[in-house]
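Reader: I have a structure open and would like to go through it piece by piece. Can we start with where the chains meet?

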Amino acid sequence: MKDHTKAHKYWRANLKLLAILLSIWFLVSYGAGIIFVDFLNQFKLGGFPLGFWFAQQGSIVTFVIIIFVYVRKMNQLDAKFGYTEK
Amino acid sequence: MDIQVMTYIIVGITFAIYIGIAIWSRAGSTKEFYVAGGGVSPLANGLATAADWMSAASFISMAGLISTQGYDGSVYLMGWTGGYVLLALLLAPYLRKFGKFTVPDFIGDRYYSNVARTVAIICALFVSFTYVAGQMRGVGVVFSRFLEVDVNTGVIIGMIIVLIYAVLGGMKGITYTQVAQYVVLIFAFMVPAFFISMMLTGNIIPQIGMGGKVADGTFLLDKLNQLNTELGFAAYTDGSKDKIDVFFITAALMLGTAGLPHVIVRFFTVPKVRDARKSAGYALAFIAILYTTAPAISVFARTNLIQTVEGKAYSDLPSWVGNWEKTHLLAWTDKNNDGLVQYRPGSAVDGKAPLFAGTVGAQGNQIVTNPDMTNENELFVDRDIIVLANPEIANLPVWVIALVAAGGLAAALSTAAGLLLVISTSISHDLLKKQLRPNISDRGELLAARLSAFVAVTVAGYFGIHPPDYVAAVVALAFGLAAASFFPAIILGIFYKKMNKEGAVAGMVSGLLITIFYILKFKFDLFGGGGKEDWWFGISPEGFGTVGMLVNFFVSIVVMKFTPETPEEVQELVEEIRIPSGAGDAVAH
């Protein structure tokens, strides 16, 4: 059995990052776009009811940002643990 | 110039480009055929993934669906993009590190079992066939309008074209063709959106125009809400589906996205794990351009449609109405004999499509023989034509209309080709090479792959001609199946080292079976059928994939507890997958 201590530390850091990003993912789509949509619709963003905007625009934009943040953070994590690919 | 001539020219040019690329980059080995040799750059892969991913459903159907459903249509927007987050964060990097050709490869090796591999192959075939049928239908719709042929003839023409370049080029040809197709489809989608947004709201960016004001100073969305409610529809920004159903459908689409074999296999084509992560980001960014524009188009199209047709005499309607009538995708039946078009909730005709008597009424309209007299709606508009007819409805120049046709074809063909590749790979690689005939030569395997692509196109064409439902709805079902079968098996395979073969197989089988059962019962009227009031927990068949997914997870974990532990070397394999360095090539084996 190989020694996995370093790998396990890396894995835990990875899981923590995933938990944070997926919480945001859940909040903008299922939260703002579905569960709280009626509540948010009483606010307006230009001509958009806010909940409707999250469901049809805001959630998608946030998704793109989430992935790019993930890419950046993971590259930093790889470098920190010496797992960067050549 | 006449629309039809222009369409021939623009579609002809784009097709010449695709076929040229397919010939230039044709596959010489199985590795090139399956994963393009594993040497595609993240940006090119992102573009290709976006084209592969955005199908006829995204391009042709989605805006039309949202246009009729308003807020309820958000499930498609959030579902089909949100799944990418799961794919990028939970699957793509690890599957790239694993480094084989297909999803059944992963399942088979991770769960050290040919039974698991076979179950995965069956799931892949199920999902891909359902999905590809939707694409062929989309191709048929486009051809039928612009070549002025019957929708079935359109499907057959589409089959022949897909066959040429999927069979010839394999993954390598498909990847580079898809890059070109992305450019064509996004250009075709955006140009009319810019025009119409400018005309309606004075703002050229559709995402902003959608929230902007129209000429009389009211907000566009308020105006549309008012039009909708005056005619008896639900307010556009409110929607009418149950919250729980919206939740489950969105989840099924997200989880299904992450489990679609033709999208996952894309991440095997880049050289490194970090490239897999990055290319998922690029892919979603490219997809988001279309996905944030589509809801704007829905709003524009619906506003224009209502204002163009409502309360007008049929003979005063613009020429696009008559053109679409020829395809049987649009019809008017004057139920109250006042000579004016009334657009109301409810189905204008009895059954799925209008039947024409072959005679023409006083205003030049085709006489419909199957009007549904239980409601007042007189206008039948197939939702799949909204995007295609949109530039005509807004009176845009002829070249824009032709461009949209080329874009719709690019979207449908790129996805169909990607799916056919998964189908042929499942048969030639996973089934033939890995199980039945391990000694088969590279050449023989390539031949088998091409033959199975041929068979797959034929079967897909059959379903395109006899579709169970609308394009987007058919596709949504494919997602439910993917969510219920692959997603849990792959996630557990990566994140739960102790998951064993017994658990995974039992989970996939039960998830798939219960979902198929539910769909057959409520969509195809088998096992006693049933209507909306019989749905379990108020969840529609489109959303049931989420339940299938939960069943899959549950069964997997319970069965695992009572069966032998995962062998040491497989647990080592999982440890390996979790760290990125040393991904190596996508190796033949």
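Author: This is a predicted model. The contact between the chains takes 37 residues from chain A and 42 residues from chain B.

Reader: Which elements of chain A give two or more residues to the side that touches chain B?

Author: They are α1 (5-35), β2 (48-49) and α3 (50-81) of chain A.

Reader: And where does the largest share of that side come from?

Author: From α3(A), which gives 17 residues.

Reader: How do the residues on that side of chain A divide by class?

Author: The side of chain A that touches chain B has 25 nonpolar, 10 polar and two charged residues.

Reader: OK, chain A by itself. How many helices and strands?

Author: Chain A has three helices and two strands. Read from the N terminus, the order of its elements is α-α-β-β-α.

Reader: What is its radius of gyration, and what would a compact globule have?

Author: Chain A has a radius of gyration of 18 Å, whereas a compact globule of 86 residues would have one near 12 Å. Along the principal axes, the C-alpha atoms of chain A fill a box of roughly 60 × 25 × 15 Å.

Reader: How much of chain A counts as buried?

Author: 36% of its 86 residues. As for contacts in chain A with a separation of 6 or more, 50% of them are between residues 24 or more positions apart.

Reader: Let's pick one residue there. Where does Pro49(A) lie?

Author: Pro49(A) is in strand β2 of chain A.

Reader: Buried or exposed, and why?

Author: Pro49(A) counts as buried because it has 25 C-beta neighbours inside 10 Å, and the cut-off for buried is 20 or more.

Reader: What is Pro49(A) in contact with, leaving aside neighbours within four places in sequence?

Author: Its contacts are Asn41(A), Lys44(A) and Thr237(B). Tyr10(A) is 39 residues from Pro49(A) along the chain, and their C-alpha atoms are separated by 42 Å.

Reader: Now chain B. What is it made of?

Author: Chain B has 21 helices and four strands. Its radius of gyration is 24 Å, close to the 25 Å that the globule rule gives for 589 residues, so chain B is as compact as a globular protein of that length.

Reader: What box do its C-alpha atoms fill?

Author: The box for chain B is roughly 75 × 55 × 45 Å, taken along the principal axes. Of the 589 residues in chain B, 60% are buried. Among its contacts between residues at least 6 apart in sequence, 81% join residues at least 24 apart.

Reader: I'd like to look at some helix pairs. How are two packed helices described?

Author: By the angle between their axes and the distance between the axes.

Reader: Then what are the angle and the distance for α4 and α16 of chain B?

Author: Helix α4 (residues 56-69) and helix α16 (residues 398-436) of chain B pack at about 130 degrees, and their axes are 7 Å apart. That angle makes α4(B) oblique to α16(B).

Reader: Which residues meet there?

Author: Ala56(B), Ser58(B), Phe59(B) and Ile60(B) of α4(B) meet Gly407(B), Gly408(B), Ala411(B), Ala412(B) and Thr415(B) of α16(B). By class, this contact has five nonpolar, four polar and no charged residues.

Reader: And α10 with α13 in chain B, how do their axes cross?

Author: The axes of α10 (residues 220-230) and α13 (residues 273-309) of chain B cross at roughly 45 degrees and come within 10 Å. The two helices are therefore oblique to each other.

Reader: Is that crossing left-handed or right-handed?

Author: The crossing of α10(B) and α13(B) is left-handed. Leu220(B), Leu221(B), Lys223(B), Leu224(B) and Leu227(B) in α10(B) meet Val299(B), Arg302(B), Thr303(B) and Ile306(B) in α13(B). The classes in this contact are six nonpolar, one polar and two charged.

Reader: What does Leu87(B) touch, not counting residues up to four places away in sequence?

Author: Leu87(B) touches Ala92(B), Thr257(B), Ala258(B), Val263(B) and Ala280(B). Leu185(B) is 98 residues from Leu87(B) in sequence, and the two are 23 Å apart in space, C-alpha to C-alpha.

Terms used. Residues are numbered from 1 along each chain as its sequence is written. Chains are lettered from A and ligands numbered from 1 in the order in which they are written. This is a predicted model: local features need pLDDT of at least 70, side-chain atom pairs count only at pLDDT 80 or more; totals for chains, interfaces and linings use all residues. Two residues are in contact if their C-beta atoms, placed from the backbone, lie within 7 Å. Ala, Val, Leu, Ile, Met, Phe, Trp, Tyr, Cys and Pro count as nonpolar, Asp, Glu, Lys and Arg as charged, and the others, Gly among them, as polar. Axes are lines fitted to C-alpha atoms, for helices over the stretch in contact, and angles run from 0 to 180 degrees between N-to-C directions. Angles under 35 degrees count as roughly parallel, over 145 as roughly antiparallel, 65 to 115 as roughly perpendicular and the rest as oblique. A crossing is left-handed if the near helix is turned anticlockwise from the far one by less than a right angle, and right-handed if clockwise. The radius of gyration is taken over C-alpha atoms; the globule rule is 2.2 Å times the number of residues to the power 0.38. A residue is buried if 20 or more other C-beta atoms lie within 10 Å of its own, exposed if 12 or fewer, and partly exposed in between; C-beta atoms are placed from the backbone.
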